[in-house]
Amino acid sequence: MSIATPPVELVEVRTSDEVAHAGALAVPKRMGGTPRFDAVLMMHGAVGAFHDSFFRNFSTALLDRGVTTLRANNRGHDIVNRGNGRGTLLGTALERIEDCVLDWDAWIGFLASRGYKRILVFGHSLGAVKSAYYLANRNDPRVTGCVLASPPRFNTNQMLASDRGLEFQSMLDAADALVAAGTPGALMPTTFPLRSYAGAAAYLAKYAAGTTFDVLALAIKIPCPVLALTGENELLDANFCDHTSGFAAAAAQKEGHDLDYVVVPNGDHYYTLAQAFAIEHLLAWIDRESLD
């Protein structure tokens, strides 16, 4: 699916801990949005960045509905980035998930400063995990909806019990050894849950945190309506295989039961051949939520 990309304004925010983030703001020709949303914050996943193509078609579809879109960086962009510019490096390899609240708060504050009052938070992959963590821990009245697109499940025991558990254990052992050797910031190659590089202490903080960042547990605590998506082909992966039953259980426990879950047929992690389906269901969810 290919749709012409609308013009954007390059924008920047600075978090309360002095990390600068870039983003791209697109304003629709027809302002006002839907009854529920007038702007959407779109957050990338691991090793991604605001200019990645994943959100392009989603952005255009929402702009056609009159919703302003903001595709934004968070501190997990790229493997390693310059962080605060004064020696503290960040990126997927070195970030700590709990610090995402500073990034989300800065960008939501930016949208609020531009006059937007009904904000949809739309996270992909690790950006979805972070979105769930932010909303589960911050009762932010500026946010009136949340989309969780293919969030991996960070549950330490579940990952160890999976068919890749031995591989994961070897990653934990390697990280533990580097920390014990007094080099917690040393970068190590990783193969689980993704092939990349990670700082030893950061890897342990992200993946050995029990259920702290388990999206299925976090979703229950999100105070606004939630739409969760998973690509059909992802359900074979250890980090997504229990999404169907897990989100069903979360919806039953969530106050208001306002959690909808959709499997994207033939969808991979980026819904490469199925974005039209994902967009159709996103717009249908928005229209239905607007009538509630």
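**One residue, then the fold**

Author: Phe154 counts as buried, because its relative accessibility is 4%. Buried means under 20% relative accessible area, exposed over 50%, partly exposed in between (1.4 Å probe, protein chains only). This is a predicted model: local features need pLDDT of at least 70, side-chain atom pairs count only at pLDDT 80 or more, and totals for chains, interfaces and linings use all residues. Residues are numbered from 1 along each chain as its sequence is written, and side-chain values use heavy atoms, with hydrogens and water left out.

Reader: Where does Phe154 lie?

Author: In the loop between β6 (143-149) and α4 (156-161). Helices (H or I, at least four residues) and strands (E, at least two) are DSSP runs, numbered from the N terminus.

Reader: And what does Phe154 touch?

Author: Not counting residues up to four places away in sequence, its contacts include Ile97, Leu126, Met159, Tyr207 and Phe213. Contact means heavy atoms within 4.5 Å. Tyr207 is 53 residues along the chain from Phe154, yet their C-alpha atoms are separated by 6.3 Å.

Reader: Which side chain does Ser59 join in a polar contact?

Author: That of Thr69, at 2.7 Å. A polar contact is a pair of N or O atoms within 3.5 Å; within protein, one must be able to donate a hydrogen and the other to accept it, and residues adjacent in sequence count only if both atoms are side-chain atoms.

Reader: Is Thr69 buried or exposed?

Author: Buried, with a relative accessible area of 1%. Thr69 is in strand β4 (residues 68-72). Leaving aside neighbours within four places in sequence, Thr69 also contacts Leu62 and Leu63, as well as Leu25 and Val40.

Reader: How does β4 run against β2?

Author: Antiparallel, with four bridges. Two strands pair if DSSP finds at least two bridges between them. Leu25 has Leu70 of β4 as its bridge partner. On its other pairing, β2 (residues 20-26) runs antiparallel to β1 (residues 9-14) over six bridges. Val13 stands opposite His21 there. Five of the seven residues of β2 are buried.

Reader: Which residues touch the most other members of the largest nonpolar core?

Author: Leu41, Leu70, Trp107, Leu111, Leu148 and Tyr203, in a core of 57 residues. A second, separate core has 25 residues, including Leu62 and Ile279. A nonpolar core is a set of buried Ala, Val, Leu, Ile, Met, Phe, Trp, Tyr and Cys residues joined through side-chain atoms within 4.5 Å.

Reader: What about Trp107 itself?

Author: Not counting residues up to four places away in sequence, Trp107 touches Val13, His21, Leu41 and Leu70, among others.
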